[in-house]
Amino acid sequence: MSSTKQASAGRRGKSVRSDCFIELTLRDSGGLNIDLTSKVKSLYGDSIDHLIRSGLAHFKIDNADLLIEDAGALPIVLMARLEAAVRRLDPDAEVDPWLPEPFEEMVGSKRQRQRRSRLYLPGNEPKFMISAAIHQPDGLILDLEDSVAVSEKDAARILIRNALIHLDFMGAEKMVRVNQGERGLKDLEFVIPYGAQLILLPKMETGAEVKLFADRIAEIRNTSGIEHEVWLMPIVESAKGSWNAFEIAASDPSIVGLAIGLEDYTADIGVQRTNEGKESIWARSQLVNGARAAGVSPIDTVFSDVGDMD
């Protein structure tokens, strides 16, 4: 009896743009059978087929059925979804990553630079990443935390890694917001060796929490031969984090800024967030004084009401 093993990755549906859905089913024999559906099949079908076959060869897969529903995905997205499906076949297996051609040499960013405008991009939504740099923010934040469902964080890591390597950031600082705890420490393995210049650490409440991430980044830089510094920007999002603002801001030399997240902060203290902001004056004051006392930049919360043009 033939054994089969199946996994999928990506997104499908009428609203999907610049992404794809891939379903991979391993077989014992019969070679490769690729079923491609794409609006651009007449123009790029042969290129997509060649790319996928080269990817399957890279992952040492000789016998499989592959269903691809393409919605205009770039090669780095197609291959990120394929790699995610391969990894999901056996999450504990070692997988040699497929890496795209780098857009530029990996370099660090300056410690002292403008970080006034930062554009958050959901880490599992390639349609937002591709052209985000044309808005010319000081930094582009590829997000692995709140904007990504728990079930898709593994796939988002691969997509963000490929984006860091291959996309043109047009001078914007390459920022990544990782998750908390062990998941966040694992996130670092997918971004530190591949060009991340600044890491945002969400929901920090003590300096010891920050040091765990700083130490892990140092380990990865050492093993990967990354010479440039990777900066840190902790985010305080609770009463405890606000109380410990100075401790957090002064916990490691790689910290360049201390940010505050008011959505979670106001939820933590049990009040409603308002545009006037009186409920967060104390926390903001803590942030400013703690950051300046530690010699780093205080960074205000994101403005989430995108419909308010005033």
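Reply: A salt bridge is counted here when a side-chain nitrogen of Lys or Arg lies within 4 Å of a carboxyl oxygen of Asp or Glu. By that criterion, the count between domain 1 and domain 2 of this predicted model is four salt bridges. Glu-125 forms a salt bridge with Arg-11, and the closest N and O atoms of that pair are 3.4 Å apart. Polar contacts between domain 1 and domain 2, with both residues at pLDDT 80 or more, come to seven residue pairs. On the side of domain 1 that touches domain 2, the largest share comes from H2, with nine residues.

The two parts in question are those of the domain assignment, which gives domain 1 as residues 6–89 and domain 2 as residues 118–299. Their C-alpha centres lie 32 Å apart, and across the boundary 15 residues of domain 1 are in contact with 17 residues of domain 2. The size of an interface is often given as the accessible area lost when the parts come together. For domain 1 and domain 2 the buried area is about 1400 Å², and carbon and sulfur atoms give 56% of it. Within domain 1, the residues that lose the most area to domain 2 are Ile-76, Arg-81 and Arg-88, which together account for 36% of what that side buries.

The nonpolar interior can be read alongside this boundary. In soluble globular proteins, nonpolar side chains tend to be buried together. In this model the largest nonpolar core has 78 residues, and Ile-52, Val-176 and Ile-199 are those with the most contacts inside it. Helix H2, residues 75–89, gives the most to this core, contributing ten residues, and the core draws at least three residues from each of domain 1 and domain 2. Val-176 shows what such a position looks like in detail: leaving aside neighbours within four places in sequence, its contacts include Leu-142, Leu-144, Ile-160, Leu-164, Val-191 and Ile-199. There is also a second, separate core of ten residues, and Met-175, Leu-200, Met-233 and Ile-299 are among them.

Gly-295 is classed as partly exposed because its relative accessible area is 48%. Gly-295 and Phe-246 are 49 residues apart in sequence, while their C-alpha atoms are 9.8 Å apart in space.

Conventions: Residues numbered from 1 in each chain as written. Predicted model: local features only at pLDDT ≥ 70, side-chain atom pairs only at ≥ 80, totals over all residues. Heavy atoms only, no water. Core = buried A, V, L, I, M, F, W, Y, C linked by side-chain atoms within 4.5 Å. Buried < 20%, exposed > 50% of the residue type's maximum accessible area, 1.4 Å probe, protein only. Helix = DSSP H or I, 4+ residues; strand = E, 2+ residues; numbered from the N terminus. Domains from an automatic or database assignment. Contact = heavy atoms within 4.5 Å. Buried area = accessible area lost by both parts, 1.4 Å probe. Polar contact = N/O pair within 3.5 Å; in protein donor to acceptor, adjacent residues only side chain to side chain.
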